[in-house]
Amino acid sequence: MKKTVLGIDPGTNKTGYAILSFDLENGEEEINYIKSGFFKTKAAFNHQEKIFFISNEVDKLIKEFNPDYFTCEDQYNGLNVRTLKMLRDLVGIFFYLASQNNLPLTLQEPSRIKKYFTGKGNASKEEMTVQAQKTYKLKTIPEENEADAIGIATSHILQLREAIKGEKK
């Protein structure tokens, strides 16, 4: 049975998203690309307006694609305190949206995402964009936040596969 993942790369100025589907029950290895992109907030928006805008856009994706899983990057390292607080607010809204739509929300460490997606836990932004284009045969190289969201969704699926294979042993 096909399942769908919504992957989010959170950012208060630009938030990337990706919708991928897969079928774990029939042993299919293929991951299907459905859609990806990013939301860009207006520079004039204050923090509250940015959170409101992004939450509405993510809610629209949830309503349109009815994902089975919701996953996003867990940002906690290498950021200034102000940025970290703003991202925490956004992730809090994601937990609310997930709960409201009866979706499991998984937070993933950036190095883990990169390791699963590119094979390197310290992959650069450029390596992530190239990998996204190559993996899903995209016509153009995706924007960085979009590529990260594709990596986040892909990583989640690969980890689910790993967990299921581990249960079958």
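Biologist: With the side chain of which residue does the side chain of S36 make a polar contact at 2.5 Å?

Modeller: Keep in mind that this is a predicted model. S36 is found in strand β3, residues 31-40. Its side chain makes a polar contact at 2.6 Å with the side chain of Y33. The contact at 2.5 Å is with the side chain of E146.

Biologist: Is S36 buried or exposed?

Modeller: Leaving out residues up to four places away in sequence, S36 touches Y17, A18, E146 and I150. Buried means under 20% relative accessible area. S36 has 11% relative accessibility, so this residue counts as buried.

Biologist: Where is N145, and which backbone oxygen does its side chain reach?

Modeller: N145 has its place in helix α5, residues 144-168. Residues up to four places away in sequence aside, N145 touches D9, K14, T15 and G16. At 3.3 Å, the side chain of N145 reaches the backbone oxygen of K14.

Biologist: Why does N145 count as buried?

Modeller: The cut-off for buried is under 20% relative accessible area. N145 counts as buried because its relative accessibility is 15%.

Biologist: What separation do the C-alpha atoms of N145 and L61 have?

Modeller: Along the chain, N145 and L61 are 84 residues apart.

Biologist: Now the whole chain. In what order do its elements run?

Modeller: The secondary structure comes to five helices and five strands. Read from the N terminus on, the order is β-β-β-α-β-α-β-α-α-α.

Biologist: What radius of gyration does the chain have?

Modeller: The C-alpha trace spans about 50 × 35 × 30 Å along its principal axes. A compact globule of 169 residues would have a radius of gyration near 15 Å. The chain agrees with that, at 15 Å.

Biologist: Take contacts between residues at least 6 apart in sequence. What share joins residues at least 24 apart?

Modeller: A contact here means heavy atoms within 4.5 Å. Among the contacts you describe, the share joining residues at least 24 apart is 61%.

Biologist: How far apart are the centres of the positive and negative side chains?

Modeller: There are 24 positive and 23 negative side chains in the chain. The centres of the two sets lie apart by 2 Å.

Notes. Residues are numbered from 1 along each chain as its sequence is written. This is a predicted model: local features need pLDDT of at least 70, side-chain atom pairs count only at pLDDT 80 or more; totals for chains, interfaces and linings use all residues. Side-chain values use heavy atoms; hydrogens and water are left out. Helices (H or I, at least four residues) and strands (E, at least two) are DSSP runs, numbered from the N terminus. The radius of gyration is taken over C-alpha atoms; the globule rule is 2.2 Å times the number of residues to the power 0.38. Lys and Arg count as positive and Asp and Glu as negative; His and the chain ends are not counted. The place of a charge is taken as NZ of Lys, CZ of Arg, CG of Asp or CD of Glu. Buried means under 20% relative accessible area, exposed over 50%, partly exposed in between (1.4 Å probe, protein chains only). A polar contact is a pair of N or O atoms within 3.5 Å; within protein, one must be able to donate a hydrogen and the other to accept it, and residues adjacent in sequence count only if both atoms are side-chain atoms.
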